[in-house]
Amino acid sequence: MPTLIYGIKPCYSRHMIQQPQKTSKQLSRRTVLFSALGALVLSILANGYFYSLEGARGLYVWHPVVALKILLFMGLGPISLAILALPLEKLAQKWIMRVLRWISFVGSILVSLVSIGMLAFLIVVPRLGSMDPVHLNLVDPSQGIVTQSLQPEATFSAGADSTTGTPSGVIMGAPGSGTAQASGAAPAALATTTASSTAPLSPLDRPLLRLAFSSDPHWGADTANASARTDVLKGIEASRPDAFFMLGDTVETGNSATQWNLALLDLEAFVSDVPLRLLLGNHDAFFGGQYLYRKAFFPQGFSSDSGSPYYWSIDAGPATIVAVDLPWGTEMFGARQKAWLEKTLAAADPRKPLIVISHSYFYASGYKDPKTGVPWYDHYQNIPALVPLFEKYGVDLVISGHNHYQELLSHNGVNYAIVGSMGGIPDPEPSYRSPWSKWINAGGYGWLDVDVLPGRLLLTFRSETGETRQSATIFY
Ligand SMILES: [Fe+2]
């Protein structure tokens, strides 16, 4: 124990008072800076992981909500305040510095918690719950499509024409005609008719291949029409196509195993024997949903010529089908996919019709999103990035979803069909009509049949109950 003498200040008392103050100040600065740096690293990790997920990048471009921007830049807040507090240490008034440090420190804790929560949400939630085991006849892209023989004819009755737009029965082109293309590939000509009957086909007109396409059923969405969706499935089962392609947005929120199970159970109930292949849509990809998509529809043992479960080509016998990965736009269309696509299109057999499928569309009528101003029509990313390749290599038909309409368009010898009508809430009446639109149906549900015949494709847009809304012939 030191001896205290009255009136004499012990020499160590200065250190006892001042040194702890200095240490506290250094620690405080260090703590604030390190916690802010830690929060920044965690936020970069969380956002980087999210950005790396299949289909997530498009969310930043096509769904520019404030919450997403806050998540993206939240890590910069605490570190900015911590740095701002440094020069304030020299001020006589220390309270401003202390307040900034406290805000930075509390912000660091919040950003760290949100980042860890975000990572847990993206990694854990898709892996919660199990997928129901179901019997489905899934198409493995590497195995191609086996054309069925002795298939029964579809026996749908013709319905009232609910089209808007150009008159039906107009010949849009003739075989071998059309706008000049970049290569020697012959442009596909288009003739549209509104069918008034479904006369039996003669043996010579028997299809070589029968395909069905629809998109955007949105299982799990309160706004989806489950009855129309079921009708579409029943109609496709009844028509017994060689393959049925669903072009994405199978579920409303991709990270929900519950919603995928709803889809699986319905698909098993109504189309278990129909060869089925799905694409990944933007909704399917939500928040790590690609994990469940692959688990349900691209299981272990499946493979593709591209090495990706999201884009591939299929040898469909008398036709070539090429799927591209465009959940929102071109965010996933990098150099690797572009090189693969160009090589695949160039190598396609010119004697067979070349059909490209995708989730997001190219030419399309639509509207401007009232909340975000995003244009849901003639796609400003997809058109410049892919259409030149379609025209160069003589693609005959491009089929997409994303917009919830049925539409037929034609541009520079390439024909485009929109089939986003499998139960998702119909998009509003288009306020923008694409100059390349030949026919559109808004507000209805249904699917598209494509019959491959020698020298031509027969397109039939159907309502959910199988009635013919519009027919078109494409010559290849
Ligand atoms: Fe959709």
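Is Asp-349 buried, partly exposed or exposed? At 21% relative accessibility, Asp-349 counts as partly exposed. The legends below cover this and other sites in a predicted model.

**View 1. Arg-351 pairs with Asp-349 in a salt bridge.** The closest N and O atoms of the two residues are 2.9 Å apart. Arg-351 is exposed, with a relative accessible area of 69%. The cut-off for buried is under 20%. The structure holds seven salt bridges.

**View 2. A salt bridge links Arg-462 and Asp-449.** The closest N and O atoms are 2.6 Å apart. Arg-462 lies in strand β15 (residues 456-463) and Asp-449 in strand β14 (residues 446-453), so the pair ties together parts that are 13 residues apart in sequence. Arg-462 is buried, with a relative accessible area of 7%. Asp-449 also has 7% relative accessibility and counts as buried.

**View 3. Glu-89 and Arg-101 meet through their side chains in a salt bridge.** The N to O distance is 2.5 Å. Glu-89 sits in the loop between α4 and α5 (95-124), and Arg-101 in helix α5, so the contact ties together parts 12 residues apart in sequence. Both Glu-89 and Arg-101 are buried.

**View 4. The buried residues of helix α4 (residues 76-85) are Pro-78, Ile-79, Ala-82 and Ala-85.** Seen down the axis of α4, these buried residues fall within an arc of 125°, so they line one face of the helix. An α-helix has 3.6 residues a turn, so residues three or four places apart point the same way.

**View 5. Four protein residues donate to the iron ion.** The donors are Asp-216 (OD), His-218 (NE2), Asp-249 (OD) and His-404 (NE2). They lie 2.1 to 2.4 Å from the iron ion. Angles among the four donor atoms run from 85 to 174°, and the site is irregular. A tetrahedral site would need all angles between 85 and 135 degrees. In sequence the donor residues are spaced D-x1-H-x30-D-x154-H. Asp-249 lies in the loop between β3 (243-246) and α7 (257-271), and His-404 in the loop between β10 (397-400) and β11 (405-411), so the pair ties together parts that are 155 residues apart in sequence. Asp-249 counts as buried at 2% relative accessibility. His-404 counts as buried at 8%.

View 6. Ile-425 is placed in the loop between β12 (414-419) and β13 (437-442). At 42% relative accessibility, Ile-425 counts as partly exposed. Ile-425 and Pro-217 are 208 residues apart in sequence, yet their C-alpha atoms are 8.8 Å apart in space.

**View 7. Glu-54 is buried and has no salt bridge.** Glu-54 is found in the loop between α1 (13-52) and α2 (57-62). The nearest side chain of opposite charge is that of Arg-294, 7.6 Å away. A salt bridge requires a nitrogen-to-oxygen distance within 4 Å. What does Glu-54 touch, not counting residues up to four places away in sequence? Its contacts are Leu-280, Ala-285, Gln-290, Tyr-310, Asp-325, Pro-327 and Met-332.

Methods. Residues are numbered from 1 along each chain as its sequence is written. This is a predicted model: local features need pLDDT of at least 70, side-chain atom pairs count only at pLDDT 80 or more; totals for chains, interfaces and linings use all residues. Side-chain values use heavy atoms; hydrogens and water are left out. Buried means under 20% relative accessible area, exposed over 50%, partly exposed in between (1.4 Å probe, protein chains only). Helices (H or I, at least four residues) and strands (E, at least two) are DSSP runs, numbered from the N terminus. The arc is that of the directions from the helix axis to the C-beta atoms. Donors are N, O and S atoms within 2.8 Å of the metal (3.2 Å for Na, K and Ca); water is not among the atoms, so sites may look incomplete. Four donors count as tetrahedral if all angles lie between 85 and 135 degrees; four count as square planar and six as octahedral if opposite donors are over 155 degrees apart and all others between 65 and 115; anything else is irregular. Lys and Arg count as positive and Asp and Glu as negative; His and the chain ends are not counted. Contact means heavy atoms within 4.5 Å.
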